Amino acid sequence: METPIAIINYEGHVERHELLSSIQQTLGAPEFDQLKFIICDFSYATSHDLDNTGLIEDSAAYSIGAKFTNPNI
């Protein structure tokens, strides 16, 4: 059986709102309950506008909420 994985690909310049929006979309997807991993692939990102100001807190809040729906992620 194949392990359910979501891969979020970023390319070009990545801004904070794009990162958080893509994570929210993945967490809200109908197949989210089946996922085991979410991989954020920045291989094709050339630059970013990601700083630590609130980003860690926002990401943690999403992750905590997601655990209630899918404890396997």
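A pocket, as the word is used here, is an open set of grid points with protein on both sides within 12 Å along at least five of seven lines. With that in hand, let us walk through this predicted model, starting with its overall build.

**Overall build**

The protein chain has 73 residues, and 21% of them count as buried. Its secondary structure consists of two helices and two strands, which follow one another from the N terminus in the order β-α-β-α. Along the principal axes, the C-alpha atoms occupy a box of roughly 35 × 25 × 15 Å.

**The largest pocket**

How much space lies in the largest pocket? The volume comes to about 240 Å³. Its lining is made up of Leu-19, Ile-23, Leu-27, Ile-38, Cys-40, Phe-42, Ser-59, Tyr-62, Ser-63, Ala-66, Lys-67 and Ile-73. Two or more of these residues come from each of helix 1 (16–27), strand 2 (37–49) and helix 2 (55–69). Helix 2 is the biggest contributor, giving five residues to the lining. Sorted by class, the lining holds nine nonpolar residues, two polar ones and one charged one.

**A nonpolar patch on the surface**

Turning to the outside of the model, we find a nonpolar patch formed by Ile-5, Ile-7, Phe-37 and Ile-39. Together these four residues have about 370 Å² of accessible area. Strand 1 (5–15) and strand 2 each give two or more residues to the patch; Ile-7, for one, is found in strand 1.

**The salt bridge**

Side chains of opposite charge can pair when their charged atoms come close. The structure holds one salt bridge, and its partners are Asp-58 and Arg-16, whose closest N and O atoms are 2.6 Å apart. This pair links distant parts of the chain, with Asp-58 in helix 2 and Arg-16 in helix 1, 42 residues apart.

Are the two partners buried, partly exposed or exposed? The table gives the value for each.

| Residue | Relative accessible area | Class |
|---|---|---|
| Asp-58 | 29% | partly exposed |
| Arg-16 | 24% | partly exposed |

Buried means under 20% relative accessible area and exposed means over 50%. Asp-58, at 29%, lies between these cut-offs and so counts as partly exposed. Arg-16 is also partly exposed, because its 24% falls in between as well.

Notes: Residues numbered from 1 in each chain as written. Predicted model: local features only at pLDDT ≥ 70, side-chain atom pairs only at ≥ 80, totals over all residues. Heavy atoms only, no water. 1 Å grid on protein atoms, 1.4 Å probe; cavity = no way out; pocket = protein on both sides within 12 Å on 5 of 7 lines; lining within 4 Å. Points joined across faces, edges and corners; volume = space filled by probe spheres on them. Helix = DSSP H or I, 4+ residues; strand = E, 2+ residues; numbered from the N terminus. Nonpolar A, V, L, I, M, F, W, Y, C, P; charged D, E, K, R; others polar. Patch = residues over 30% accessible without salt bridge, like charges linked within 9 Å, V, L, I, M, F, W, Y side chains within 5 Å. Areas by Shrake-Rupley, 256 points an atom, 1.4 Å probe, with all protein chains shown as cover. Salt bridge = Lys/Arg side-chain N within 4 Å of Asp/Glu carboxyl O. Buried < 20%, exposed > 50% of the residue type's maximum accessible area, 1.4 Å probe, protein only.
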